[in-house]
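Student: I am new to this structure and would like to go through it slowly with you. Could we look at it first and then take up a few questions in turn?

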Amino acid sequence: MSLPRSPFLCRRTGLPFNALVLAVALASPALAHAAAFTITGTSTTAQNLGKGDTGTVAAGAALTVGGSAVAVAVTGDKATVNNLGTIAQTGSGRAIRASGAVTEFVINNGSITNAAALVRTADADVIQVNGAASSVILNNYGSMVSLNGSAGGAQAVDFNAVTGANTINNFAGGLLLASEADAVRPGEGGVLFNAGTIRSVTTVGASSDGIDGQDRSGIRVTNAATGLVDAGRHGITFEQKNANTASTLDLANLAGGIVRGNDGSGINVDGFNGRQLVTIVNGGLISGNGVSGDGDGVDVDGLVHITNSGVIRSLNAVEAGGLAFSEGISAGGGTIFNTGTIEGLVAPGNGGAVGRGITLAGNDITNGPLAGTREGLYGNAAIVNAAGGMIRGQGDSAIAVTGAASGYTVIIDNRAGGTFRGGGTAAAIRTNGDNATITNAGTIDGGSSGRAIAFGAGNDTLVISGGNAIVVGSVDGGGGTDTLVVDTGAGNAFGYAGAITGFTTVELRSGTLALEGADVVAAGSALLLGGGTLDLAGAASQAFASLALADSSAIVLGDTVLTFQGLGAVAAGETLALTHDGAGYTLRFLGDYAGNAAFAQLMGATTIDSLAVTYSFDGTYTNVSAVPEPASVAMLFAGLGILAVAGRRKKAAA
């Protein structure tokens, strides 16, 4: 009779269980013991850090691992990797990888005094953290390089899965480099500081972006004065996860900092609506360059808050089978405050593109009956161009509001010392069916096309203010109810020699509006005098739909014929002073105004060369002229008497 087997023996091998477990553990690298390590020479053994462990590669030392193994695997919280030498994965594995929810993980590559530290992979991510709840800090002073031999999408830094706290510090002299892949992918809420170089390169047209946030929101990037983000495609990019999700990106590009897309946009953000907000403070250079497609400086499908004192520029754009737009900024609405340069340029020899400064519109519509057009704005839009600011389009508008009418408003404020400059045949500023207000105290230069402003179908307002306003080219109010307001301030003047059309009302509030030429303002506009002076000394003729007087005002006529088709409201107690160099009537009204109470009130408040006025109806117009002075009347009668005596003498002699 045999004895029963011990329950502590393996029934298949007969070995004790503890011996079997030990054998398996020794045979399986995956179950290798996690432990701290220090490498001072050369090692080819993969390392594993557990909770609280620190792994160090000393200066001049190297950890080199081949195959698919991770050179340094991290499986516990509060682990630290300090590399002052070289960590290299020469096969298909990653150099550093943290699995699961690993918190307070710190990677230090190099130091302030050691920029020679290197972490490199042949065909995988240099560093990846794949636990959503992980928290990680990378401090890089050296180089982290993904050679990505198979072009399979291996990043230098991949924190994309992290939704906890993740921080990337690429200090001066540091390099984060990926070939045929994105250089850096921060995670949700990621904080990235760059004073070194973040670079992605491609030779096959891969989507190699400098910083790619994927669909992660809340990423904050600071690119310091020495920082360079240089990308094969987009410099910085991310996308809104879906139409119902709010998403944000914040970028501070300091003076001297460069964010550059070499075959894409400097900043490219894909989205659906106004729930996406991108905030940019730029004192350096943000540039895009379209070699095979768009190359906008900043392209945001949602809303923006941009403060620019540096340069935001598009160098070129390409569109297969159509006209491409090389845009300094393209956005669906928001605010832009500019004291620097925003411009859209086109590469020499590219006849299939035009450069535009700023486009305000929603997404392109790619199918259906409206295919080829753009959606309307996703929110109110406001552009302030302050002193020193230049917004220009090399072959198109400085600002173009396009797409369907959205119901949102557009405000454009060009302050003294600011310039909008258009190119090609387009107006320097043009709007769509949304209500727009343009205030100009600087320069709007439409000299290339002869068109300064072309409003769309909205109810629009143009305000001319200050003493330095210049408008070169025509001004068209478009459809809707449109108002031109001249409010330059006492002692200031705005001179204009172009063509003003499509405005319901021209309102003069203060200062002087000097029109030069014949019928500068289209006859369909009503004139509302609310203060200031209308100077027509250089105008051969001028007609308005009507005249209204809201505040004491003046008109300098020279010998101009001034015609009104009607009469509007005349405020009690306000005066109208006219000066006139010619003879006969000074102004006229279509129709017979005898017995019109408002006209009688106006005549009682009007003087011509400080004289009271009289008027008469010639069958078509009521003509207004000065009442002759008494001395002039006496001289008239004396002259008539002399003529009469001479006539009698001639008759007697006969």
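Student: How do the residues of the lining of the largest pocket divide into nonpolar, polar and charged?

Tutor: This is a predicted model, in which local features need pLDDT of at least 70 and side-chain atom pairs count only at pLDDT 80 or more, while totals for chains, interfaces and linings use all residues. Residues are numbered from 1 along each chain as its sequence is written, and side-chain values use heavy atoms, with hydrogens and water left out. A pocket is an open set of points on a 1 Å grid over the protein atoms alone, with protein on both sides within 12 Å along at least five of seven lines, a cavity is a set where a 1.4 Å probe fits but cannot get out, and lining residues have an atom within 4 Å of a point. With Ala, Val, Leu, Ile, Met, Phe, Trp, Tyr, Cys and Pro counted as nonpolar, Asp, Glu, Lys and Arg as charged and the others, Gly among them, as polar, the lining of the largest pocket divides into five nonpolar, 10 polar and 10 charged residues.

Student: Which strand gives the largest share of the lining of the largest pocket?

Tutor: Strands here are DSSP runs of E with at least two residues, numbered from the N terminus. Both β27 (267-270) and β33 (324-331) supply at least two residues of this lining, and the largest share, four residues, comes from β33.

Student: Which residues line the largest cavity?

Tutor: The largest cavity has a volume of about 30 Å³, where a volume is the space filled by probe spheres set on the grid points, which are joined across faces, edges and corners. Its lining divides into eight nonpolar residues, with no polar and no charged ones. The residues that line the largest cavity are L462, I464, V471, V475, L484, F494, Y496 and I500.

Student: Which residue forms a salt bridge with D396?

Tutor: A salt bridge is a side-chain nitrogen of Lys or Arg within 4 Å of a carboxyl oxygen of Asp or Glu, and in the one asked about the closest N and O atoms are 3.2 Å apart. D396 lies in the loop between β38 (390-393) and β39 (399-401) and its partner in strand β42, so the pair ties together parts that are 34 residues apart in sequence. Salt bridges that share partners join E327, R356, D364, R374, D396 and R430 into one network, and the partner of D396 is R430.

Student: Is D396 buried or exposed?

Tutor: Buried means under 20% relative accessible area, exposed over 50%, and partly exposed in between, with a 1.4 Å probe and protein chains only. R430 has 24% relative accessibility and therefore counts as partly exposed. D396, at 8% relative accessibility, counts as buried.

Student: What is the nearest side chain of opposite charge to D434?

Tutor: D434 lies in the loop between β42 (429-430) and β43 (436-440), and a polar atom of its side chain lies 2.9 Å from the backbone nitrogen of G407. Lys and Arg count as positive and Asp and Glu as negative, with His and the chain ends not counted. D434 is buried yet has no salt bridge, and the nearest side chain of opposite charge, 12 Å away, is R374.

Student: What is the phi of Q214?

Tutor: Most residues other than glycine have a negative phi. Q214 is found in the loop between β21 (211-212) and β22 (219-223). Although Q214 is not a glycine, its phi is positive, at about 55°.

Definitions and conventions:
A polar contact is a pair of N or O atoms within 3.5 Å; within protein, one must be able to donate a hydrogen and the other to accept it, and residues adjacent in sequence count only if both atoms are side-chain atoms.
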